[in-house]
Amino acid sequence: MPNQRELATEAALEIPRFVSATVLFQTAMAERLGISATELHGLQLVISGAATSPTGLARALGMTTGAVTRMLDRMEEQRLVERVPDPADRRRLAIRPLPDRLAEVADLYSPMARFFGDRLGRLDRRQLAALLGVMTDGRAFAEQEAARLRSEKRVD
């Protein structure tokens, strides 16, 4: 049985492999849906409620609002989302997922969802809390590092 240091090393080495496999999965999903990987990422952010406005989506994707506007135009043509007046401030727009293709998206995700549901269901509360902590802290750190990298001048 590996000791704690060996397990930590194995886990650290597995993270980029997991991320890479996830990117491959997302790319295959996007291809299957006939959209770009960025559009799929945007759709996931809209469906989850993490981005409900064009500005919020641009921020979450690290894109300009102009680029997101063009992306939303394509996504509306694909019947994935719609832009509607924000109920809280009619001067702003909100983005809503459309039901037209949500079943197709859900069907493609269902094997992955079942796999993770099964695997997470085997963990006890302490293990789930530890995993959630690593994932939450890792996401926050990755967002911080992305902002730092974007703010620094590139040296060629």
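Is Asp118 buried, partly exposed or exposed? Asp118 counts as partly exposed, because its relative accessibility is 42%. This value, like every other here, comes from a predicted model.

**Salt bridges**

Asp118 has a charged partner. Its side chain meets that of Arg122 in a salt bridge, with N to O at 2.6 Å. Arg122 counts as exposed, because its relative accessibility is 56% and the cut-off is over 50%. Asp118, at 42%, falls in the partly exposed class.

Arg148 takes part in two of the pairs described here. One partner is Glu145, with the closest N and O atoms 2.7 Å apart. Both of these residues lie in helix α6, which covers residues 125-151. They are three residues apart, about one turn of the helix. The other partner is Glu152, whose side chain meets that of Arg148 at 2.8 Å, N to O. Arg148 has a relative accessible area of 34%, so it is partly exposed. Glu152 is also partly exposed, with a relative accessible area of 42%.

| Salt bridge | N to O distance |
|---|---|
| Arg122 with Asp118 | 2.6 Å |
| Arg148 with Glu145 | 2.7 Å |
| Arg148 with Glu152 | 2.8 Å |

The count for the model comes to 13 salt bridges.

**Helices α1 and α2**

Two packed helices are described by the angle between their axes and the distance between the axes. Helix α1 spans residues 4-33, and helix α2 spans residues 37-48. They pack at an angle of about 95 degrees. Their axes are 8 Å apart. That angle makes α1 roughly perpendicular to α2, because the class runs from 65 to 115 degrees.

Which residues meet in this contact? From α1 come Gln26, Met29, Ala30 and Leu33. From α2 come Ala37, Leu40 and Gln44. By type, the contact residues divide into five nonpolar and two polar, with no charged residue.

**Glu39**

Helix α2 also holds Glu39. Is Glu39 buried or exposed? Glu39 is buried, because its relative accessible area is 6% and the cut-off is under 20%. What does Glu39 touch, leaving aside its neighbours within four places in sequence? Its contacts are Met71, Arg74 and Met75.

Definitions and conventions. Residues numbered from 1 in each chain as written. Predicted model: local features only at pLDDT ≥ 70, side-chain atom pairs only at ≥ 80, totals over all residues. Heavy atoms only, no water. Axes fitted to C-alpha atoms, helices over the stretch in contact; angles between N-to-C directions. Helix = DSSP H or I, 4+ residues; strand = E, 2+ residues; numbered from the N terminus. Parallel < 35°, antiparallel > 145°, perpendicular 65-115°, else oblique. Contact = heavy atoms within 4.5 Å. Nonpolar A, V, L, I, M, F, W, Y, C, P; charged D, E, K, R; others polar. Salt bridge = Lys/Arg side-chain N within 4 Å of Asp/Glu carboxyl O. Buried < 20%, exposed > 50% of the residue type's maximum accessible area, 1.4 Å probe, protein only.
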